[in-house]
Amino acid sequence: MNAPVDASTQPAHDIQARLAGILAAIAAIDPSRHGHTGPDTPEITAAYARRNALIWTALALAQEAGVPAGVGHDPTDPRPVVVYLELPTGQVSWHLPAHPAAWDGHSTTAKYERVAAFADQTERPGAA
């Protein structure tokens, strides 16, 4: 299994440059930026899925770069999850869909047992 990258060993400028690249990629593919209001086609759905994945990546990079960032909730929107970044140039945010399943009641212990089982299965392709 690959170890996570230790952001403390990367210069802040490098992380900010990666963040800027991710934000540019979001801007390039975001259907809402290009005027999409519906209905969704398979291509639009795929573009939103890619955009959403990039937004989560931007959130992680912002945290590593020391850019204030986090997740909020907007109960008035059908996509109630909101990711906020406080860039030096001003705040940016995106609405994202909520997770489709409710919490299953797992404990912290069960959570990390599941994580370990997933890691074990991932390290051994074909394992059940």
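Three strands form an open sheet in the order β1-β2-β3, and the pairing is antiparallel; two strands are taken to pair if DSSP finds at least two bridges between them. Because β1 and β3 stand at the edges with a single partner strand each, one side of each is left without a neighbour in the sheet. From one strand to the next, the twist averages 25 degrees, where axes are lines fitted to C-alpha atoms, for helices over the stretch in contact, and angles run from 0 to 180 degrees between N-to-C directions. The structure is a predicted model, in which local features need pLDDT of at least 70 and side-chain atom pairs count only at pLDDT 80 or more, whereas totals for chains, interfaces and linings use all residues. Residues are numbered from 1 along each chain as its sequence is written, and side-chain values use heavy atoms, with hydrogens and water left out.

The chain contains 3 helices and 3 strands. Helices (H or I, at least four residues) and strands (E, at least two) are DSSP runs, numbered from the N terminus. Read from that end, the elements follow the order α-α-β-β-β-α. Of the 128 residues of the chain, 26% count as buried; buried means under 20% relative accessible area, exposed over 50%, and partly exposed in between, with a 1.4 Å probe and protein chains only. The chain exposes about 8700 Å², of which carbon and sulfur atoms supply 59%. Accessible areas come from the Shrake-Rupley method with a 1.4 Å probe, and for residues only the protein chains shown count as cover. Among contacts between residues at least 6 apart in sequence, 38% join residues at least 24 apart, a contact being heavy atoms within 4.5 Å.

Within the sheet, β1 and β2 run antiparallel and are joined by 5 bridges. A69 stands opposite L85 in β2. Helix α1 packs on the sheet, touching β2 and β3, and its direction makes about 130 degrees with that of β2. Strands β2 and β3 pair in the antiparallel sense over 7 bridges, and a hairpin joins β2 to β3 through 2 residues. E86 stands opposite Q91 in β3. Since 5 of its 7 residues are buried, β2 is largely enclosed by the rest of the structure.

In soluble globular proteins, nonpolar side chains tend to be buried together. The largest nonpolar core of the model has 19 residues, and those with the most contacts inside it are L19, L23, I26, A58 and L85. Such a core is a set of buried Ala, Val, Leu, Ile, Met, Phe, Trp, Tyr and Cys residues joined through side-chain atoms within 4.5 Å. Two or more residues of this core are given by each of α1 (12–29), α2 (42–65), β2 (81–87) and β3 (90–96). The largest share, 7 residues, comes from α2. When residues up to four places away in sequence are not counted, A58 touches L19, I22, L23, I26 and L85.

V67 lies in the loop between α2 and β1 (69–73) and counts as buried, at 10% relative accessibility. With its neighbours within four places in sequence left aside, V67 is in contact with L19, A62, E86 and L87. The C-alpha atoms of V67 and P88 are separated by 8.2 Å, although these residues are 21 residues apart along the chain.

D30 is placed in the loop between α1 and α2; its relative accessible area of 6% makes D30 buried. The side chains of D30 and S32 are joined by a polar contact of 2.7 Å. A polar contact is a pair of N or O atoms within 3.5 Å; within protein, one must be able to donate a hydrogen and the other to accept it, and residues adjacent in sequence count only if both atoms are side-chain atoms. Apart from neighbours within four places in sequence, D30 is in contact with Y48, R51 and W94.

D77 is found in the loop between β1 and β2 and is buried, with a relative accessible area of 18%. A polar atom of the D77 side chain lies 2.7 Å from the backbone nitrogen of R79.
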